[in-house]
Amino acid sequence: MSDETKDTPEQAEFRAHCQKWLAENHPGQPPVHIPQGALELSDPDAMEWLQQWQKSAYDAGLVGCDYAKASGGGGMTDCQSIANQEMQRAKTPFLPNIIGMGMAAPTIYFHAREEVKEELLPRLLSGEDIWCQGFSEPGAGSDLANQQTFAEKKGDSWVINGHKVWTSLAHFASWMILLCRTSKDDKYNGLSYFVVPIESVMGKGVTVRPLIKMTGETGFNEVIFEDLVVEDKYRLDEVGAGWKVAMTTLAHERGAGLLVTPSAGGMVTAEEKGAAVGSASSLIDLARQSYRNGKTAADDAVIRDAVMKLIIRQEGFRQNQRRIGVKALNDHPMRLPLQFKLVATEIGQDIAQLAYEIEGAGSSLYVNDDNAPAGGQWQLAYMNSFGITIAAGANEVQRNILGERVLNMPKSK
Amino acid sequence: MSDETKDTPEQAEFRAHCQKWLAENHPGQPPVHIPQGALELSDPDAMEWLQQWQKSAYDAGLVGCDYAKASGGGGMTDCQSIANQEMQRAKTPFLPNIIGMGMAAPTIYFHAREEVKEELLPRLLSGEDIWCQGFSEPGAGSDLANQQTFAEKKGDSWVINGHKVWTSLAHFASWMILLCRTSKDDKYNGLSYFVVPIESVMGKGVTVRPLIKMTGETGFNEVIFEDLVVEDKYRLDEVGAGWKVAMTTLAHERGAGLLVTPSAGGMVTAEEKGAAVGSASSLIDLARQSYRNGKTAADDAVIRDAVMKLIIRQEGFRQNQRRIGVKALNDHPMRLPLQFKLVATEIGQDIAQLAYEIEGAGSSLYVNDDNAPAGGQWQLAYMNSFGITIAAGANEVQRNILGERVLNMPKSK
Amino acid sequence: MTQSKNFGFGEDEAMLRDAARKFFADNCSANKIHTQVAHDSNIHRDIECIWDRSLWQQICELGWTAACVPEAAGGIGMPVVAVIALAEEVGKAAFPSPLLSTFNATFVLRECDSGNATTALGEIATGKSATLAITNKRGSWESTDTDVAQVDGKLNGMAYFVQDAQKAETLVVAASSNAGVGLYLVDVSSTGLTIIPDGIIDLTRDQARIEFVNVDAVEVAAPGTGPAAVEKAMPAILCVTAADMVGSGEWLLQTTTEYATTRVQFDRPLAFFQAVKHPLVNVMLAIDAAKSLTYNAACAIDEEPDNAERLARMAKSAASDMAVFSASRSVQFHGGIGFTWECFVHIFFKRQMHNHVLYGDGKYQRSKLADLLMGNAA
Amino acid sequence: MTQSKNFGFGEDEAMLRDAARKFFADNCSANKIHTQVAHDSNIHRDIECIWDRSLWQQICELGWTAACVPEAAGGIGMPVVAVIALAEEVGKAAFPSPLLSTFNATFVLRECDSGNATTALGEIATGKSATLAITNKRGSWESTDTDVAQVDGKLNGMAYFVQDAQKAETLVVAASSNAGVGLYLVDVSSTGLTIIPDGIIDLTRDQARIEFVNVDAVEVAAPGTGPAAVEKAMPAILCVTAADMVGSGEWLLQTTTEYATTRVQFDRPLAFFQAVKHPLVNVMLAIDAAKSLTYNAACAIDEEPDNAERLARMAKSAASDMAVFSASRSVQFHGGIGFTWECFVHIFFKRQMHNHVLYGDGKYQRSKLADLLMGNAA
């Protein structure tokens, strides 16, 4: 649902610009297979094509609109959401530097020195530099504060040693946002936050190894640091303030940050045969096209009820995001923002799971079978959905956060 | 499903006796309103009529079959289950002394002195003495070991002071099984277990006050002890062994005890207009008789699916009870028995809840409306279902017990 | 067509809502409601209709009944979201009154293109209460189903499941004739009209069957035009009921969360245990989705009417399922005390169970929604 | 008619089951299966059929395929519960073999009243593998639906969703003619027969479409009698599939419980947290109900056949829903590691997802059950 009405003059003018530019510059269908999301990217050709698209969108002012000009932004106010709406409507491809724009950029913007912002943000927003995130460790999954990777001060620089896992896009990344330990004395206050180079020091203190997902896809990695030397200027905020800085990252990841993340998408890739994959309403098309136990699934009242449940949940989620903007309808400022990740990921998982029952016997077929309903993309989406219900603080932890921070219930530890 | 086949000779002979006696001695329809279960009993006339029925069944040998003759039992082996099956099949009324037979009798049988057994068990099994349970306290609900009621040794006797709540049937009870504290030094080993008189000392150290349920029914009470003097012989097992003794009580309550509880029932009381209330399959009759949004509920595919789900869950529960008897199909001896209370109560709750949707607009009507579907009994059953999902260790606690004792997961405290 | 970002919930609406919030805080605490409606616990009690007429008078003087009456008819002509916010506060207070029924009657009359309807709306604006008598014995929510017949302006037959029947002064009755179903205004004091109160579980409202024997009626929608009016009004009716459940759900959530945070078991507050904490978080999630969907649907009624039914069915479905869930978890987590008559929880529990079925439960809404989004099943 | 207390699961059946348990413990650990079937993780990998023929030989020598072949046909003539217990162990090991398909073919052939069927059963008893080719392109589980036609004993057309097609030596094919659907035996090496392997998610079995071009076939059930035979066999087929899921579910439960007990987060073992502990308990409850229902239904096939379909649909419904639940919770509670290819969990996850839909998911079983218990909806 778009929001022309009530646009500010600046927004209205910018929206017009977006519409005009997009009408003339949509990149069209990709020449290579594009996965469902940036985190699944493994083919360099696909990455390169998407980077070119982000660069052109950036040059047109559709990415980083609300960032200061000095940081390579557009210097506008509340315009990124306009650009996002128009890119969504224009069904453009997604922007590949998702971790950079969604997590690294706002964190750098609010916590890094001016010189570092000016050095890093322009190439981040343009997508020329791909970024990855170094938070998870073998022993620090949902328990983020349990970081073991250690940064030791040596002269003016830091020497980093440790082991990060589930780092999506690391094999494409020029830079990483890194949370690590600078003191063993205090679990939370012993953490510091850095931005560190990856590509330029590959093999010289940094090793990146791909991990394979249950889907058979690659796309995330483990990253090993051995005596990597990093200049002190790349430390964000004070030594020991890492946890506080990480909260800025996570707030933006959970859609609860101050800055709107540039996002595009809506494009149905050629790979997604039959029904588009992802939204609850796309289950309607799937049900119309699918034979379930020999009959059209769309005629099965129990399937219809299940599909409606999900469509309602998804619309409820969308309307929650809209209600966030209406102060009078929010009694607690963080109540809706903190629900974002939990609700979005569980709806996505349930949508993909229902697709199995809609497809009936055909749900046994995978992406390597030409006859797979919707090209097997629903099965792929279902398995990948666990990546996000687990990642960034498993949803069990999200419920603790909501219970404790919004409902003021005692900690469960 | 009955089990004639594979009866032992003793069982076969006894089954024949039960069938013959029941054919000739079914008490017929009650002259007064009988509630859905013994715990809802509040009308003295109803209690008296049910006590007469229990007495006649006891005299015929259908109650207490597996208890030793010296304790007033039948001295048989594995025959109570036969009697239960036949009483169920004969659709007799339930037996009113449910706490006595299900919790007090086995506990006394395994932990009391001979003289006490001989004094108390015959009148317990015959239903002449109604029993109640004094476990719950304002501060000790699911946390059973947090007993504050205190028994102090004075000479050869004990002086008891304290406050018990949710004691069903206390207003009819001659005796109570009482868990209380005899030492403040140790939470668990500071507990002792007594049987104490109620009716005979009413007003002389014991006060019983009715509590009213959310349904508007009475039937359970609070019991206040003020310097009640109890003989030492009425202590079960050693001083400080109360927790251990209580486990026997709870094991039997959860259907996991050595002795089968005498139980009758199956009778559809006149009050339960239209459909019989309680079992999932009775929802089929309800759906056939109910108009939901103007249409017959039984024709609604989504309702049909929901009813089938519950019928399947209930049959699964029944078959679990059957599988308990097949050693080769149980890898952990307590895995199925410990599920009894949790599964039975949650199925019952979900069955009653679905009745609201089956009845549509009519579900707004209660037992005081002549037009209420099924006499409003489903709504009554739904509200009462919380009594049992909460009581005897809330189901949240039941899940801990299963996770810790069967799956060997660490304690959640 | 698109909606305004703020659901059309502007300063005026917020002011009205905040006034209502204060009014209920000052005048009807849960304790007061409990004392009032739960004074007789006897399960076989006589059927009573308990409410506070003086509070109703104040509400009328505050002009709440005029909120959604068009200015042309003498009302304030506020958007539907305004009364949705009021309904939410009513639900939070479990407040017994004919207010919501009067809103529902207002929404139907607004869709009746007749002078009589305009007159009736004017009376509502000045504080006359009204309710709908449009449901048949089988509890059908379909606009064409009625057990009342109209011949020569006289009504005969029965209407069922009439909400707040003993509180309302006027009825909007659906009655059929050869020419189809029309809508009629009837004064509850009319000769030949008998109100037969239902014995219901919900302690905070009344419900009745109404018998009509040659009752004089004023036509507000001509035979054949009644169903269209009811159907146009249905999204608003669904939103009002959903908002009521959202409000009650919020009371249950806050009350239960507070209890679970203070009540200690196993040397820990109950809410320490995720078996209590996480379901309460799930209740919150359900409330928030239902609330957002309700304001979205209410906004659509004014700003994109073509989508109103679709969005209102979504809201009622989400709210109905949430109502059952919030009620059940509140009793469960209050433990033994929540199972007693003395505890306030059952008041809201019973109101939620009543509302979740009223005008169709979640399953019904979803079947209607599926027909809208997918077409009828083959 | 009533069942024996012990589901007919006596000493012989227990002995066979325990032998199978030992066999799988000795010969196919999860680690070994993983190394075998998950050697190529490439999502666009070529379609392969991976299994261990030597283990299959041993199984045949152990006589498992003879278990449910009637003695008259040269088998052991054990009750269905015997092979149900084997299927449970197969599921617990996620063992790739044509064993379960051969059981299913056996159950169908047992219902075919013909000498050819008896001969085929005899060959199965001595270790010849078989599978069913009775499903059409639309994945219909109805016995009358087939895309294969039979004329003069020759088969033409396509069969779909054929399980273990590349492992089995014989096919039992449903084919239609003017006289109705009959059942036919076809050797997989027959001329005119082409097996087109499906690319499936489950790594522990194979599935294929099979093309028939003038393929010679041996009639085992005359035209018109095929559907009845398949329907009589369906309860056993559903029980075998349910038992497989029960076994896999138990592996997932035990593995995940162990992981949650050892893995530390927030200075506590994961299973300390009720958000992990209670769902795992719920998985256990779901497994136990499905298991009891499966043995009950299997027992009914031998002891109260009139109830067999009803009880088997219950078992498959419970098992299918449990399969999805146990699979999803195992990946979730294994955290990041459970999401990797290296972790064994996905092997069982994928097998559960395959089985839950095979022969109809829970919703399908319940719709059939409702027709049995309530009659068809008006």
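Let's start at D:Val173. Leaving aside neighbours within four places in sequence, D:Val173 is in contact with D:Ala133, D:Val148, D:Leu155, D:Ala159, D:Leu183, D:Tyr184, D:Val186 and D:Ala217. Contact means C-beta atoms, placed from the backbone, within 7 Å.

Some ground rules. This is a predicted model, where local features need pLDDT of at least 70, side-chain atom pairs count only at pLDDT 80 or more, and totals for chains, interfaces and linings use all residues. Residues are numbered from 1 along each chain as its sequence is written, while chains are lettered from A and ligands numbered from 1 in the order in which they are written.

Back to the valine. Which residues touch the most other members of the largest nonpolar core? C:Val173 and D:Val173, in a core of 371 residues. Such a core is a set of buried Ala, Val, Leu, Ile, Met, Phe, Trp, Tyr and Cys residues joined through C-beta atoms within 7 Å. Buried means 20 or more other C-beta atoms within 10 Å of a residue's own.

Now chain A. It has 11 helices and 10 strands, taken as DSSP runs: H or I of at least four residues, E of at least two. Of its 413 residues, 55% count as buried. The C-alpha trace spans about 70 × 50 × 50 Å along its principal axes. Among contacts in chain A between residues at least 6 apart in sequence, 71% join residues at least 24 apart.

Next, chains C and D. Their contact takes 4 residues from chain C and 4 residues from chain D.

Last, confidence. The complex gets an ipTM of 0.90 and a pTM of 0.87 from the predictor.

How values were computed
Buried ≥ 20, exposed ≤ 12 C-beta atoms within 10 Å, placed from the backbone. Contact = placed C-beta atoms within 7 Å.
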